[in-house]
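User: Could you take a close look at one helix in this model for me, and at what it packs against? I'd like it in plain words, with the cut-offs spelled out.

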Amino acid sequence: MDLDETLVHSIRKDDPMLDMVPFNWIGHPDVMETEHHWVKKRPWLDEFLDFAKGAYRIAVWTVATEDYAMSILDRIMDSVTLEFVKTRKDCMFRGSGYVKPVSSLEGYDFDDIYIVDDKPDVIDGVHPININMANLIVIKPFFGSDKDQELKETARELWSRYR
Ligand SMILES: [Mg+2]
C-alpha cells in the first residue's frame, strides 16, 4: 500500500493554501493532527483494513520520510500489524523524483503481491521481470472528499482476485 493520496490526504499546517481547503478539516472526525500536518483518513479505510488484514499481510511503501510516515501510521494502523514499512530511505532518486524499487524485494512471490498506489509510475522496475503488473491496482488519488469510495472498490477488487 502506498500512503499519501492512497490511504490518507494531508496538508502542512503552514500551507498557504490552507484557507482555501474547500471543507472543514479541523474538527472533522477523520482528521488527525501530527506535529506539522493535518491528516485526513480516506473514507472506508478502517473497513478496508479490517478486510485486508484477514486476507493478506499488509505492508506500506511510501516516498515520504520515515518520521512523517510513522507519525501517521501510528494513528491509522493501530489494529493492524504491518509486514513492513518502507519510506524515502528505501527509495531511489531517479530523474525528477523518488521511486520505489519494489521489484528488488526479496523473499516474496511477486504473483502473490498486490500493489495499490495512486502513482504507478513510482513503482520502479529494477528487475521488471519480477513484478506481476496484473497485480498493480492503480487507485484514484484521494484529496479529501467525504464521498470517496475507492477503498471500498479496491477491497471488492482484491476480493474478486482472492484465491
Ligand atoms: Mg501516493
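Analyst: Happy to. Before we start, this is a predicted model, where local features need pLDDT of at least 70 and side-chain atom pairs count only at pLDDT 80 or more, while totals for chains, interfaces and linings use all residues. Residues are numbered from 1 along each chain as its sequence is written.

First, the setting. The protein chain has three helices and nine strands; helices (H or I, at least four residues) and strands (E, at least two) are DSSP runs, numbered from the N terminus. Read from the N terminus, the order is β-β-β-α-β-α-β-β-β-β-β-α. With a radius of gyration of 16 Å, close to the 15 Å from the globule rule for 163 residues, the protein chain is as compact as a globular protein of that length. That radius is taken over C-alpha atoms, and the rule is 2.2 Å times the number of residues to the power 0.38. The C-alpha trace spans about 45 × 35 × 25 Å along its principal axes.

Now to H2 itself, which covers residues 66-76. Its buried residues are Tyr-68, Ala-69, Ile-72 and Ile-76. They sit on the same side of H2, because they cover an arc of only 90 degrees around the axis. Here "buried" means 20 or more other C-beta atoms within 10 Å of the residue's own, "exposed" means 12 or fewer, and "partly exposed" is in between, with C-beta atoms placed from the backbone. The arc is that of the directions from the helix axis to the C-beta atoms. As background, an α-helix has 3.6 residues a turn, so residues three or four places apart point the same way.

What lies over that side? The cover on the buried residues of H2 includes strand S1 (8-12), strand S3 (37-41), helix H1 (45-55) and strand S5 (85-86). A contact here means two C-beta atoms, placed from the backbone, within 7 Å.

Leu-7 touches Met-1, Arg-42, Leu-45 and Ile-76, leaving aside residues up to four places away in sequence.

Two of the covering strands, S1 and S3, belong together in a sheet. Three strands form an open sheet in the order S1-S3-S2, with antiparallel pairing; strands pair if DSSP finds at least two bridges between them. S1 and S2 are at the edges with a single partner strand each, so one side of each has no neighbour in the sheet. Neighbouring strands of this sheet are turned by 25 degrees against each other on average, direction ignored.

S3 is joined to S1 by five bridges, and Ser-10 stands opposite Val-39 in S3. Strand S2 (residues 31-33) is joined to S3 by three bridges, with Val-31 opposite Lys-40 in S3. A hairpin of three residues links S2 to S3. S3 is largely enclosed by the rest of the structure, because four of its five residues are buried.

Most residues other than glycine have a negative phi, and most peptide bonds are trans. Glu-5, in the segment before S1, has a positive phi near 65 degrees. Glu-5 is partly exposed, because it has 18 C-beta neighbours inside 10 Å. Trp-44, in the loop between S3 and H1, has a positive phi near 75 degrees. Trp-44 is partly exposed too, with 17 other C-beta atoms within 10 Å.

How values were computed
Axes are lines fitted to C-alpha atoms, for helices over the stretch in contact, and angles run from 0 to 180 degrees between N-to-C directions.
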